[in-house]
Structure formats: structure tokens, C-alpha cells
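Please read the following points with the model open beside them.

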Amino acid sequence: MKKIKYIFLSLLTALMFVSCSSGNGNMGAPSYEGGYKDEVNGEVGGLGNNNIVIPEGHKIIYTVKYEINVKEALAPAINAITNEVYTLNGYVYYSNESLNYATYIYKVPAENLNAFLNAVDENEGISSKNISSEDVTSAYNELEAEIEVLEANRAAYVKMLEKDGLSLNEIMSLNDKISSIDTRLKKIYKDLDAYNARIDYATVTIDYKRVYTPPKEVFLGEYGTFLINLGKGVVEFLAYSAPFIVVAGVGVGVVFIVKKSKKKEIKK
């Protein structure tokens, strides 16, 4: 009798546990609502609220990176944005396209950058946006200062060459110094041109990605839809019947144990 009493207590405990589990199965489940994440570096605004201001006297290089998901063909989205670039006196610096993916690098005049970003922000499929800036004012000013020194030295060497009575070695030495200065000046002017190109025109890189996925019915048809609904029904039935299945299993176990105990008593 003690064994039977213990078995029935176990049965009751199992029933209570299963009932509680089925009733509270969704408690504590985390909820998440996905959405656009703005990754702007600095206070320059988010989607449709771009307010990039270049401080007076500063040389700033702006770089922007977008990732845009396109539901249908890429061409309409690419053409719309590219035409906006042309409207704002920009140009396409680089492009690479495939069936479902494309990368475009645009050069947009810095004074028109806010207008362009506001236009791009109207796209619904923006998954990320990043704006970064580099202040090259100090480096730029150092190059300009170096130009002044070099040009002053060059002028002095040229004036020395105009003197009479210079030896051949002196003339060659002065010409070497002038040539060295010219080489350095050429490099500096090239660096300044590169800076100006990046300062005057912001670099905007846009990765276009086609994410269109046909409905499941297109792949599976009516038969596939039937199987999906059938599977859902089976899962719901099992979830609802789980407590009763556990109770039935425990009950069968009780009957089996009781019969086994009676057989042992008869043998004795």
C-alpha cells in the first residue's frame, strides 16, 4: 500500500508540474522589434535630418557609407540615387554590379552633401548609415607653410646664380639645390591637390542588396501550404495534449507496478 500511495503522489506532482509548464511556457520570452540602426559618428543628424556644418577655416574630409536593401530589381533604386548625384553636380567614382548586389562610390560636392543625404534617406530599405569625418586642417596648413619656405629658398638660390664669377662647382651645387626644391614642391602640390579633391567632394559609398523573397506558396504550391497547415495542427494538438499524455503514461506505469507486485505476493 505504501508503494501505491507513493506512486499516486508522484502522479499528482507530475500533473501539477506539466500544467504549470504549459500555462507559463511563454513567460519571460524576450521580445525584439527590429529596425533601422543609425551609426552616425558625431552630431550630424539621422535619417532625413542631416545637418553637417563645416567650421570656418577648417579642412574637413567627409566619408559616408550606406547599406540599402532593395525588394525588387536593383536598377530603379540605383538610377534614382545616381540621377540625384548628377543633379547635385557630383559623379560616379566607382561601380560594381551583379544580379543581386551592387556597390557604387559617389563623389558629391561638400556643399551639397546634406541635400544628397536627405534624398538618400528617403529610401525605405536603409539598413545602416555611417558618417565619419577627418580634420586635415593642421596637415594642410603645414604643407602650405613648407611651400612658402621652399619657394623663398628657391628664389634665393636663383638670385645667387645671377652673380658673376661663380665657379662651375658653385653653379652645379646651386642647380642641385634648386632641383631638389622643385622635386619637393611638386610632391607637396600633388598632396594638396589630393586633399582638395577629398575636401571639396565628399565620398559616399552605397551597397545595394536585393533581398526580395517570393512567398512560400510560390515554391510549395497548394500541396505545400496544406503540409504546413497540417504540421501546425499537429504541433498545436501535441502542445494541448501533453499534460494528458503524461498522466496517461504515469497511469500505465502504476498499473504495471501494481500487477507486478500482486504476482510477487501470489508466488510467496
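1. Buried here means under 20% relative accessible area, exposed over 50%, and partly exposed in between, with a 1.4 Å probe and protein chains only. On that scale N89, at 55% relative accessibility, counts as exposed. N89 lies in the loop between α2 and β3 (91-97). Although N89 is not a glycine, its phi is positive, at about 65°.

2. A note on the basis of these values. The model is predicted, so local features need pLDDT of at least 70 and side-chain atom pairs count only at pLDDT 80 or more, while totals for chains, interfaces and linings use all residues. Residues are numbered from 1 along each chain as its sequence is written, and side-chain values use heavy atoms, with hydrogens and water left out.

3. The protein has six helices and six strands. Helices (H or I, at least four residues) and strands (E, at least two) are DSSP runs, numbered from the N terminus. From the N terminus on, the order is α-β-β-α-β-β-α-β-α-α-β-α. Of the 268 residues in the protein, 25% are buried.

4. Strand pairing requires that DSSP find at least two bridges between two strands. Strand β2 (residues 60-70) pairs with strand β5 (residues 126-135) in the antiparallel sense, over nine bridges; in this pairing I68 stands opposite I126 in β5. β2 is also joined to strand β6 (residues 201-210), by eight bridges, and these two run parallel. E67 has D207 in β6 as its bridge partner.

5. β6 also pairs with β4: nine bridges join them, and they run antiparallel. Y106 has V204 in β6 as its bridge partner. β6 is mostly covered, with seven of its 10 residues buried.

6. Which residues have the most contacts inside the largest nonpolar core? A nonpolar core is a set of buried Ala, Val, Leu, Ile, Met, Phe, Trp, Tyr and Cys residues joined through side-chain atoms within 4.5 Å. The largest one has 27 residues, and those with the most contacts inside it are Y66, I68, Y106, F116, V204, I206 and Y208. At least two residues of this core come from each of β2, α2 (74-87), β4 (101-109), α3 (113-120), β5 and β6. β2 gives the largest share, six residues.

7. L117 is placed in helix α3. Its relative accessible area is 0%, so L117 is buried. L117 and V204 are 87 residues apart in sequence, and their C-alpha atoms are 9.1 Å apart in space.

8. Helix α4 (residues 137-161) packs with helix α5 (residues 168-200) at an angle of about 155°, and their axes are 9 Å apart. Axes are lines fitted to C-alpha atoms, for helices over the stretch in contact, and angles run from 0 to 180 degrees between N-to-C directions. α4 and α5 are therefore roughly antiparallel to each other, a term for angles over 145 degrees. The crossing of α4 with α5 is left-handed, that is, the near helix is turned anticlockwise from the far one by less than a right angle. The contact of α4 with α5 involves 19 nonpolar, three polar and eight charged residues. For this count Ala, Val, Leu, Ile, Met, Phe, Trp, Tyr, Cys and Pro are nonpolar, Asp, Glu, Lys and Arg charged, and the others, Gly among them, polar.

Definitions and conventions:
Angles under 35 degrees count as roughly parallel, over 145 as roughly antiparallel, 65 to 115 as roughly perpendicular and the rest as oblique.
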